Amino acid sequence: MDIKLDPSRDDLPLMANTSHILVKHYVLDLDVDFESQIIEGTIVLFFESGNRFKKWSSSTEVACRSESNEACRFRMPEPCQIPVTSTKTFSSKIGYDDFVICGKGGKDTSGKDGNHGNQEQASGISSSKHCCDAGNHGSEEFLLVLDCCDLSVLKVEEVDVAAAPGIEKFTRSPELRNQIVHDLVALPADRWREQLDCYARCSQAPGCGELLFDTDPWSLQIRKTGAQTATDFPHAIRIRYRTKPQGRSVTWTSDQSGRPCVYTVGSPINNRALFPCQEPPVAMSTWQATVRAAASFVVLMSGENSAKPTQLREGYSSWYYYVTMPMPASTFTIAVGSWTEVKPEICSPNDLAIERSSSPSEADFRYVGFCGHMEYPCRFQNASATTQKIIPHRVFAPVCLKSACQETLLPLIPPCLSAAYSVLGTHPFSRLDILIVPANFSSLGMASPHIVFLSQSTLTGMSQLCGTRLCHEIAHAWFGLAIGARDWTEEWLSEGFATHLEDVFWAKAQQQLAPHEAQEQQELRACLRWHRLQDEVQNSPEEMQVLRPNKEKTGHVSDSGSSVIRHGLNPEKVFMQVHYLKGYFLLRFLAKSLGEDTYFSFLRKFVHTFHGQLILSQDFLQMLLENIPEEKRPELSVGNIFRDWLESSGIPQPLQRERQARAECGLAQQVSAEVAKWVRVNRRPRKRKRKDREEVFEKVRHRWCELIVKHKYTKAYRDVERFLQEDQAMGIYLYGELMLSEDPRQQHLARRCFELSKEQMDRSSAEVVAEMLF
């Protein structure tokens, strides 16, 4: 695997050498400082050695340009005395494990916020100089590589876990530090509380020797003098670090009430600018975190517990969360702000009850047997959890949006959760927080373990937008989180499933909806998505329209475990919907081909089989076809589906044929009538009171603005300005409409709004809009 990686391109490197060593648990201890816009503290990583212990080949030695021609230098700190358990040798010359990094080195010139090696001065190793003897006179040492970006690493040390109080209860070898960690990681699932407590005590144990480290633009490299293999390398290390205000994993901004806040933004670089970690999805780990902030702030996080603040010194509080289900580090989420918890104005028994009764249909998805994932306290094996239709949930928002949440969002959560349960069965996660994030959030929603971010745009108008988006994010609890893609290029395994399931969930959540009305609603949405998909394939590069771009190499990584996500940093990719839409149409095609009852019965079985695991496309398709009688799957094969749907650009041929057959159906006529209605509304005399116009604007904000732009209704341009500044999750598409109009006044409006909003936009949105405008 000889890949040339240029940091100026849009490929995203996953650098961690997960084939040799895996993080099993993180303990974070952090302080959030809004004045400096920095998160600072420590993270303790507990490791388990990998199973690929072949000698690294010196042929992978890399020679790249760097800022300095100096020889690589590490300071040699006092070593931590630990028995050597293996004499196998690994070359430290692996560097990026088959990657050639082109461009400047990673020496940070930002003063006190810069990355530092552990010399008295700044690091003496440039970003690409990994072929050094590390001051070890030719001896080859194991190099731990973590994904790391936009962080100032201050110190790395081994943790003396043998000094943790009470550790002898958990291990047979209290004097061997790596054995202690191994025994701690291997504790059975029913001892998870003890395990978390022991992790916490170990994380507070003293250090027993600094480790050699250096950083470059994409990674943190750590070694210990004399540790020649992953087995010898310390299995518990502490990293002291701080984030940078411009770091790309978090956004520092103000909420809709003007109060400061910070939250994780998800892709494209995930959490590597929040804490050093192993980003590849195969590195599934648990975590626990203590976060301190001023007492006026609320800390929300991916966590199984509904945390409450602990008062510290005057004016500060501490929040503690934990997760016992192993998840990729990319799913970790945090949000800190002056959020208020939104509760119903009048609490009824139905609002507070957590339903636990079983319905007759549950026999379809309550299977007997063991789970196929690594051991953890699994809800699918918990009798009470398997009958819980509605999990505990909370809603948080800026105080100015409290009434909108009470009116629009709160009533939708129980029916949407119940609908999801009726389709897929056991909720994979025990609780759910929903946060209305600031206006600069670039999407309508984002799901993480135990927490969902929703854009304020979902609160406007009637319940349709909010309900469907909520259903989409709830669906990610199963597809995207409990079941993840082993290769990040197969986004359709998350977004295609969530898009397909949002319609199914929403139809069931609307309890008064007759079956034929639900069917008509789904057909209408399919028609709208068809038109969006056509637009997408006409206006995007062909190579970015393929759902399985790596084809037979999907899931492959280098010997070390590192890999590259093609176009992972392309700002336009964030706004492309091809994985949503083509994935949705594939699953809709399969459901119709096999019969919806057959398909969803299989899907429940698939969820029970693969929850807690990572999959590739063939895992789903092979199990599907193996479980369907041949007479019910005419002309369906994994190869045909790969060829027609997953490995080709453009519109899949089976979908083309289906839509052509539907061209004259009644549904298309209904869509045309809907469009004509809005055109008529836009042409009516507008001698109305301002209040009336504001009510229209609030109910149909995006559609109304599109009509304003299309018909150049200059009297309402202020509505467009307001929308672009307050609804950035949807506004990016409107910038395109303004520029495509070729109307100088509209283009000036777009540029003026961008100048007012660009500092609050996330980086990807700002880059895409700037390209449109300039």
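K551 sits in the loop that runs between α8 (515–538) and β25. In this predicted model, the phi angle of K551 is near 50°, a positive value in a residue that isn't glycine.

Look for K712 in the loop between α16 (701–710) and α17 (717–726). Its relative accessible area is 39%, which makes K712 partly exposed.

**The chain as a whole**

Stepping back, the chain holds 20 helices and 26 strands. It has 774 residues, and 59% of them count as buried. If you take the contacts in the chain with a separation of 6 or more, 77% of them are between residues 24 or more positions apart.

**Salt bridges**

Side chains of opposite charge can pair when their charged atoms come close. How many salt bridges does a search of the whole structure find? The count is 30.

| Salt bridge | N to O distance |
|---|---|
| D11 and R566 | 2.6 Å |
| D433 and R394 | 2.8 Å |
| E491 and K573 | 2.0 Å |

Start with D11 and R566, which form a salt bridge with their closest N and O atoms 2.6 Å apart. D11 is in the loop between β1 (3–5) and β2 (12–14), while R566 is in the loop between β25 (563–565) and α9 (578–594), so this pair ties together parts that lie 555 residues apart in sequence. Is D11 buried or exposed? With 4% relative accessibility, D11 counts as buried. R566, at 39% relative accessibility, counts as partly exposed.

Next up is the salt bridge of D433 with R394, where the closest N and O atoms are 2.8 Å apart. Here both partners are in strands: D433 belongs to β21 (residues 432–436) and R394 to β20 (residues 393–397), so the pair ties together parts 39 residues apart in sequence. D433 is buried, with a relative accessible area of 0%. R394 counts as buried as well, at 10% relative accessibility.

Then there's the salt bridge between the side chains of E491 and K573, at 2.0 Å from N to O. This pair links distant parts of the chain, 82 residues apart: E491 is in the loop between β24 (483–485) and α7 (492–509), and K573 is in the loop between β25 and α9. E491 has a relative accessible area of 27% and is partly exposed. K573 is partly exposed too, with a relative accessible area of 22%.

Salt bridges can also join up into a network, and one here links E523, R588, K592, E658 and R659.

**Two helix pairs**

Now for the packing of helices. Helix α9 and helix α12 (residues 638–646) pack with their axes 11 Å apart, at an angle of about 140°. That angle makes α9 oblique to α12; the cut-off for roughly antiparallel is over 145 degrees. The crossing of the two is right-handed. Which residues make the contact? From α9 come K582, F585, L586, F589 and L590, and from α12 come I641, W645 and L646. Sorted by class, the contact of α9 with α12 has seven nonpolar residues, no polar ones and one charged.

The other pair is helix α10 (residues 596–610) with helix α11 (residues 617–626), whose axes come within 11 Å and cross at roughly 130°. That makes α10 oblique to α11. The crossing of α10 and α11 is right-handed. On the α10 side the contact is made by Y599, F602, L603, K605, F606, T609 and F610, and on the α11 side by D619, F620, M623 and L624. The residues of this contact divide into eight nonpolar, one polar and two charged.

How values were computed: Residues numbered from 1 in each chain as written. Predicted model: local features only at pLDDT ≥ 70, side-chain atom pairs only at ≥ 80, totals over all residues. Heavy atoms only, no water. Axes fitted to C-alpha atoms, helices over the stretch in contact; angles between N-to-C directions. Helix = DSSP H or I, 4+ residues; strand = E, 2+ residues; numbered from the N terminus. Parallel < 35°, antiparallel > 145°, perpendicular 65-115°, else oblique. Left-handed = near helix turned anticlockwise from the far one by under 90°. Contact = heavy atoms within 4.5 Å. Nonpolar A, V, L, I, M, F, W, Y, C, P; charged D, E, K, R; others polar. Salt bridge = Lys/Arg side-chain N within 4 Å of Asp/Glu carboxyl O. Buried < 20%, exposed > 50% of the residue type's maximum accessible area, 1.4 Å probe, protein only.
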